[in-house]
Amino acid sequence: MPVLTAHNICKSFGGEEVLKGISVDVEKGEVLTVIGPSGSGKSTLLRCITQLETIDSGEISVCGDTLVKTGSGGKAEYSDRAACNRIALHMGLVFQNFNLFPHFSVLRNITEAPVCVLGKTKEEAEKTARALLQKMDLADKADAYPCQLSGGQQQRVSIARALAMNPDILFFDEPTSALDPELTGEILKVIRSLADEHMTMVVVTHEMAFARDVADRVIFMAEGVIVEQGTPEQVFGCTQSERTKAFLSRFNSTGV
Amino acid sequence: MNYNVLLSQMLESTLMTLRIFFITTVFALPLGMLVALGRMTKIKFIRIPVSFYILLMRGTPLMLQLLFIFYGFKPIFGIQLDRVLSAEVAFVLNYAAYFAEIFRGGIAAIPRGQREAAKVLGMTRSQTFFRVLLPQVVKGILPPMGNEFITLVKDTSLAQVIGVVELLKTTSDWVSSAVSMVPFAIAGVFYLLMNAVVTRCFSAAEKHYAYYR
């Protein structure tokens, strides 16, 4: 059973169609990367799946639990609040600009939700948090505040914060777009190591080499539709669509 | 002019000034937060009356509101409020409107990503508000709140229009009977001292929150 099933998702903002019937399944342990030009709806897709936006029509289920389905009138019908909250706990999201809580220490950023949402004890949550920080190579930063960290460190804390909730699927919304190339490398390394542990992930990224190397499957989106998808070899190696070719031409010619 | 009597009377009426100040802050701050949330809600039936309330409170003189509540309460509601209670009600209602607008600005200034991060982590709306947003709002609104508190200390002197004997009322009575400007100067020092304390408290609060961002 797929961890995520999204079928025929449509979303408009004020009459402008941003997602025009997107369907995507993600299997357990799979790493899916989503590439495409700015404004193609990649981020909106993630935001719709993680309930930061509501869709107009379509179906989304996570771990077999239906979040939203198309009702008889063709409009999206969401499940009740309890179900939505339950489904939210299956998913983690790492933002482009981190969105750490600035008034909390690094440790509290990671323990806050496990304590107040999952009802873990403080000791339990801190133990998990410290282990995650160790893994993120930030063990010495537990008591620091986000403003004292570099962008790369902040992003690693936010990944730890998402992992602390033990999600079944982790989404990354352009996790390196706010970082310089050096810090970008830091984050990509972390995501790669999560991929090695078979974490189920969907990564929206503009890092083409990374999208190719880390992915089990690549989706190319443009103008609100999926133009092409397949294994990295298929999408990058023997590109079918002209639109994808045009997008990848710069990447392929420079090789970065 | 007997300075001992003057000073003891001025100190006594300063207690009234402080009483209005503290009652107003204690009640107008939470009320102001509720008004701010009412002003920001999508529910029209709440937002529109709340907006009108803010317009009314900020758009008419506080002195007029004091007079209206003291003299107008009985004809409308059938109960006569005493002078001090009328003053307190007027101050709380008036300052809640100003506080509400400060809260609203403070809440709007928190990046949307904070709410989104909390939501994705599964926090409820009240957890998000009390744990994530409110502490950050408090930090952000300290400077405009400091202004409001200083103004409040001075505004308490308006309560004399409905016969509340506060610091400035006692002072001006002394000025007219003793034909001396000295009580005015002393009153000025009193207000200044009170506001020096207010300023110190706000500086301390700002320092307390300086550990981040």
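This is a predicted model: local features need pLDDT of at least 70, side-chain atom pairs count only at pLDDT 80 or more; totals for chains, interfaces and linings use all residues.
The largest pocket has a volume of about 1600 Å³. Of the 35 residues that line this pocket, those closest to its centre are A:Arg81, B:Lys42, B:Arg115, B:Lys119 and B:Arg125. Four helices each supply at least two residues of the lining: α2 (81-88) of chain A, and α1 (3-40), α5 (112-120) and α6 (125-155) of chain B. The largest share, six residues, is contributed by α6(B). When the lining of the largest pocket is divided by class, 17 residues are nonpolar, ten are polar and eight are charged.

Chain B, to which three of these helices belong, contains eight helices and zero strands. Its pattern along the sequence accordingly reads α-α-α-α-α-α-α-α. The C-alpha trace of chain B spans about 70 × 45 × 20 Å along its principal axes.

Two of the helices that contribute to the pocket lining, α1(B) and α6(B), also pack against each other, at an angle of about 140 degrees and with their axes 12 Å apart. Because of this angle, α1(B) is oblique to α6(B); an arrangement counts as roughly antiparallel over 145 degrees. The crossing in which α1(B) passes α6(B) is right-handed. On the side of α1(B), the contact involves B:Thr17, B:Phe21, B:Thr24, B:Thr25, B:Leu29, B:Met33 and B:Leu37. These residues meet B:Phe129, B:Leu134, B:Met145, B:Phe149, B:Leu152 and B:Val153 in α6(B). The contact of α1(B) with α6(B) comprises ten nonpolar and three polar residues, with no charged residue.

Helix α1(B) has a further partner in helix α7 (residues 167-178) of chain B, and the axes of these two helices come within 7 Å and cross at roughly 150 degrees. This angle means that α1(B) is roughly antiparallel to α7(B). From α1(B), the contact is made by B:Val5, B:Leu6, B:Gln9, B:Met10, B:Ser13, B:Thr14 and B:Thr17. From α7(B), B:Leu167, B:Thr170, B:Thr171 and B:Trp174 take part. Five nonpolar and six polar residues make up the contact of α1(B) with α7(B), and again no charged residue is present. B:Thr17 is listed both in the contact with α6(B) and in the contact with α7(B).

In chain A, helix α5 (residues 151-164) and helix α6 (residues 181-196) have axes that come within 8 Å and cross at roughly 25 degrees. Helix α5(A) is therefore roughly parallel to α6(A), and the crossing of the two is right-handed. The residues of α5(A) in this contact are A:Gly151, A:Gly152, A:Gln153, A:Gln155, A:Arg156, A:Ile159 and A:Leu163. Those of α6(A) are A:Leu183, A:Glu186, A:Ile187, A:Val190 and A:Leu194. By class, six residues of the contact of α5(A) with α6(A) are nonpolar, four are polar and two are charged.

Methods
Residues are numbered from 1 along each chain as its sequence is written. Chains are lettered from A and ligands numbered from 1 in the order in which they are written. Side-chain values use heavy atoms; hydrogens and water are left out. On a 1 Å grid over the protein atoms alone, a cavity is a set of points where a 1.4 Å probe fits but cannot get out, and a pocket is an open set with protein on both sides within 12 Å along at least five of seven lines; lining residues have an atom within 4 Å of a point. Grid points are joined across faces, edges and corners, and a volume is the space filled by probe spheres set on the points. Ala, Val, Leu, Ile, Met, Phe, Trp, Tyr, Cys and Pro count as nonpolar, Asp, Glu, Lys and Arg as charged, and the others, Gly among them, as polar. Axes are lines fitted to C-alpha atoms, for helices over the stretch in contact, and angles run from 0 to 180 degrees between N-to-C directions. Angles under 35 degrees count as roughly parallel, over 145 as roughly antiparallel, 65 to 115 as roughly perpendicular and the rest as oblique. A crossing is left-handed if the near helix is turned anticlockwise from the far one by less than a right angle, and right-handed if clockwise. Contact means heavy atoms within 4.5 Å.
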